[in-house]
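The sequence and the coordinates come before the text.

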Amino acid sequence: MLHKSTIAPLTRIEGHLKVDVVLDGGRVKDARAIGETYRGIEKILCGRRPLDAVRIVQRLCGVCHEAHGIAAARALAPIYRVEPPPNARYMFDAVLGLHLTCDHLIHFYQMTLPDYVDFSLAKDAPFFLQNGCFPDSIKSSQEVRHYLESYSRSLEMVARGGRAMAVFTGKVPFGHSIFPGGFTTRPTAEEIFSARENTALLLNFVKEVYLPDVKRLARSFPAYFSVGKGPGNLLAFGGLKALSKPVFAPGVYLNGQKEPFDPKNIFEDTKYSYYRDDRPFPKKEEGYSWVKAPRYGGRPMELTPLGRLWLTPGLKERLIAELKGLGQPEEAAFSVMGRHLARALEAEVLLKHALACLERIDPDAPNMVDVDPEADISGENTAFSQAARGDLLHRIKVSQGRVSQYNVITPTTWNFSPRDASGIPGPVEQALIGLKVSSDLREVGRVVRSFDPCMACSVH
Amino acid sequence: MPTRREFLRYCASISIGLFGSTSFTSAIARGFELLKQGKLRVIWLSGLGCSGESISLFFSEDPLFLDFSRAFLDLMSHPLLSTAQGKAYEEIIAEVAAQGEFVLCFEGAVPQGMPEACRVGERTMNQVLEELLPRAKLLIACGTCAAFGGVSAASPETGAVSVIEFAGRKGLLKDYVRLPGCPLPPWRFMGTVAYFAATGKLPPLDEKKRPKAYYARYNHEHCQYFRFFNEDKYTLKLSEPGKCLFRFGCRGPRTYADCPLRPWNGGARWCVNAYTPCIGCAHPGFPWDPQKGIYQNPKRLQPKTVFGEEA
């Protein structure tokens, strides 16, 4: 007996998402991830000056605020013929490290935990946590208390991370000090020291609370190490290169084999997306999502922290060792809990890198190379950056001082892509197909959230 | 439990501590009593936007968002936080709406020209708003997209407008507050909500319905570099401390906001003392005319040409 079921809206994510599933005897036979919103930011940028683009692309997403600004600044630097000084390179990496960690904390504690812990059993839980809990959620009062305490403390840590970032970006979200030539801010030695203190505090929280909490949750729900695999193809662009050894290596993981990454293989398909001739067209008959379908050599790819770790020698081994500690095989990395674990491990790596970068900032050296806001420049470039949910690509074309084309492909565009012209479902759709579900579809929400969807980013 | 007399004495000492006299004792006591009666019931909705306002609140350090919402709000639903999903989530909203007496906090714009560009569940955001607006006792437009249209309304394709304009066109505009800022800094939201929760009425507003406590003056008037503006000392280079950024196209002289007074992220900075010009993110004109752009060439712009239209 086939029947259709849906979660609309799927909450505890950024933006508007709907998931349709076709069920066959308690198993997902077919799935559709449906992006429900369109803003048209790429078009807004055309005809504007390139520096405006840096400010406006930050507003693509309030969750990935600094990631887009940094990607745009990197894309524009060679077009302006400037190279950010060493201080700026350290700051870019430190800000990204802090930013991604804060996002990981919000994703795990505020967005993921309510899927697994019945907070309605805690007397002082806020109202929004009290309704809609699931029957198989953790119910022991001691456990619930523990997780609720971490839930509150994580927001305190996020605020600390924000304070550390604002030393360099001026404010968070949307730091206006980020330019192609570097940072306009001139932090003093004391301020850099305070940023280091806060980063160290955050690192301590990640080691003492976040990572142990992820493992604790994973031990309570071991079944989630074997669901939500998806296509098993990973893509990472590499990044955080301020120090001698880059933190993340670029690479492609296809059919169990590692391959070198070539940006030329990226293509965006729109057969099932609401576009016609590159214009929005919500009445499109075969269309079902605002998200486009990027493919690498025709294949859907997963872009998550799991991919970043898996493709970087050293980090992959670290992840496998942690899995082993939890009694799980290597393949368990490609799963709901595998992704959560990868995120927590990544946070530690990111913060250690951020601390090392902060050590090297010289308060007396320049932090930026100036650019003329009205320069009559032309050129095109592609730049990569990291967002919390995966790796990010910005492509910009400038002619005579004006943006003539802007293209953003975010990790959520890859992960939540619809089918492509050859009918291959997107990674999340594949992760859902075959999933055994209960009548409340709680398993669907858990699989979907393990990809950390950010819908405003994905469509822009 | 303190006795009534003790309670009033506490209120008097708060009044003395804050204002230097006991004249606000009864107002403070009334505030505490209102808070005791029941917190504000809030529905938070995200429209065509980026959730930047929610994230900005999550980054609030003093007070933390969770502490604040525990003290002042009954946050009934929030798209980034609610445990409930799908139908269960929609039912909570419908239930709260049916009881009335709730505050609607809205971030993002509304795609009036292309309703399909923002859907919640099986309905468009336009339909959800048409249902909720008549029942809300107060609409708080959080952030520049909700207050004036902002970046989302810069797109001609979606025909997006601010939630205020949407409500006005549909004849559904009752009591409302605009809290522009991209993103909205946490203190402007928390201060406004706390005022409403403790007094039962809106704080004093300007003609655009922005609370005067945060939007009565231009950023320029509070700016640390106002002195350099007076002395005609302008920087021609970004990242140069101690000179006015006016010639880069600073929007401080035209933007009503309080950034210089209450620095962001528990630190000491806002844009201008991060040596980057104010881009007027709380201004109705943001993100500005595409031709003129956000930044200007400082060598071209003449001093004392105030940039940007009247707010």
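This is a predicted model: local features need pLDDT of at least 70, side-chain atom pairs count only at pLDDT 80 or more; totals for chains, interfaces and linings use all residues.

**Interface between the chains**

In the contact between the two chains, 79 residues of chain B meet 89 residues of chain A. About 7100 Å² is buried between chain B and chain A, and carbon and sulfur atoms give 58% of that area. Of the area that chain B buries against chain A, 11% is supplied by Phe59(B), Thr83(B) and Gln85(B), more than any other three residues. Eight salt bridges are counted between chain B and chain A. In a salt bridge, the side chain of Arg300(B) meets that of Glu374(A), with 2.8 Å from N to O.

**Strand β7 of chain B**

Strand β7 of chain B covers residues 136–142; six of its seven residues are buried, so the strand is largely enclosed by the rest of the structure. Strand β3 (residues 102–107) of chain B pairs with β7(B) in the parallel sense, over six bridges. Glu107(B) stands opposite Cys142(B) of β7(B). β7(B) also pairs in the parallel sense with strand β9 (residues 176–179) of chain B, over four bridges. Here Ala141(B) stands opposite Arg178(B) of β9(B).

**Aromatic contacts**

Over all chains, a search of the whole structure finds 35 aromatic pairs. The ring centres of Tyr218(B) and Tyr256(B) are 4.4 Å apart and the planes lie at 20°; planes under 30 degrees apart count as stacked, and therefore this pair is stacked. The two tyrosines are 38 residues apart, and the pair links distant parts of the chain: Tyr218(B) belongs to the loop between α10 (212–215) and α11 (219–222) of chain B, and Tyr256(B) to the segment after α12 (226–230) of chain B. Tyr218(B) is buried, with a relative accessible area of 13%.

Phe229(B) and Phe246(B) form an edge-to-face pair, 5.2 Å centre to centre with 65° between the planes. This pair, too, links distant parts of the chain, with Phe229(B) in helix α12 of chain B and Phe246(B) in the segment after α12, 17 residues apart. Phe229(B) is buried at a relative accessible area of 11%, and Phe246(B) is buried at 2% relative accessibility.

In chain A, ring pairs link Tyr38(A), Tyr274(A), Tyr275(A) and Trp290(A) into a cluster. Two arginines of chain A lie over ring faces, as tabulated here.

| Arginine | Ring | Distance from ring centre |
|---|---|---|
| Arg32(A) | Tyr288(A) | 4.1 Å |
| Arg276(A) | Phe281(A) | 3.9 Å |

**Backbone geometry**

A cis peptide bond joins Val172(A) to Pro173(A), with omega about -5°. Pro173(A) lies in the loop between α5 (141–169) and β4 (178–179) of chain A. In chain B, a cis peptide bond joins Asp62(B) to Pro63(B), with omega about 0°. The loop that holds Pro63(B) runs between α3 (52–58) and α4 (65–72) of chain B.

Leu240(A) is not a glycine, yet has a positive phi of about 55°. The residue is found in the loop between β6 (234–239) and β7 (248–254) of chain A. Asp232(B), also not a glycine, has a positive phi of about 60° and is placed in the segment after α12 of chain B.

Which of these counts as buried at 2% relative accessibility? Leu240(A) does, whereas Asp232(B) is partly exposed, with a relative accessible area of 44%.

Notes: Residues are numbered from 1 along each chain as its sequence is written. Chains are lettered from A and ligands numbered from 1 in the order in which they are written. Side-chain values use heavy atoms; hydrogens and water are left out. Rings of Phe, Tyr and Trp (its six-membered ring) pair if their centres lie within 6.5 Å; planes under 30 degrees apart count as stacked, over 60 as edge-to-face and the rest as tilted. Buried means under 20% relative accessible area, exposed over 50%, partly exposed in between (1.4 Å probe, protein chains only). A charge sits over a ring if NZ of Lys or CZ of Arg is within 6 Å of the ring centre and within 35 degrees of the ring normal. Two strands pair if DSSP finds at least two bridges between them. Contact means heavy atoms within 4.5 Å. Buried area is the accessible area (1.4 Å probe) that two parts lose on being put together, summed over both. A salt bridge is a side-chain nitrogen of Lys or Arg within 4 Å of a carboxyl oxygen of Asp or Glu.
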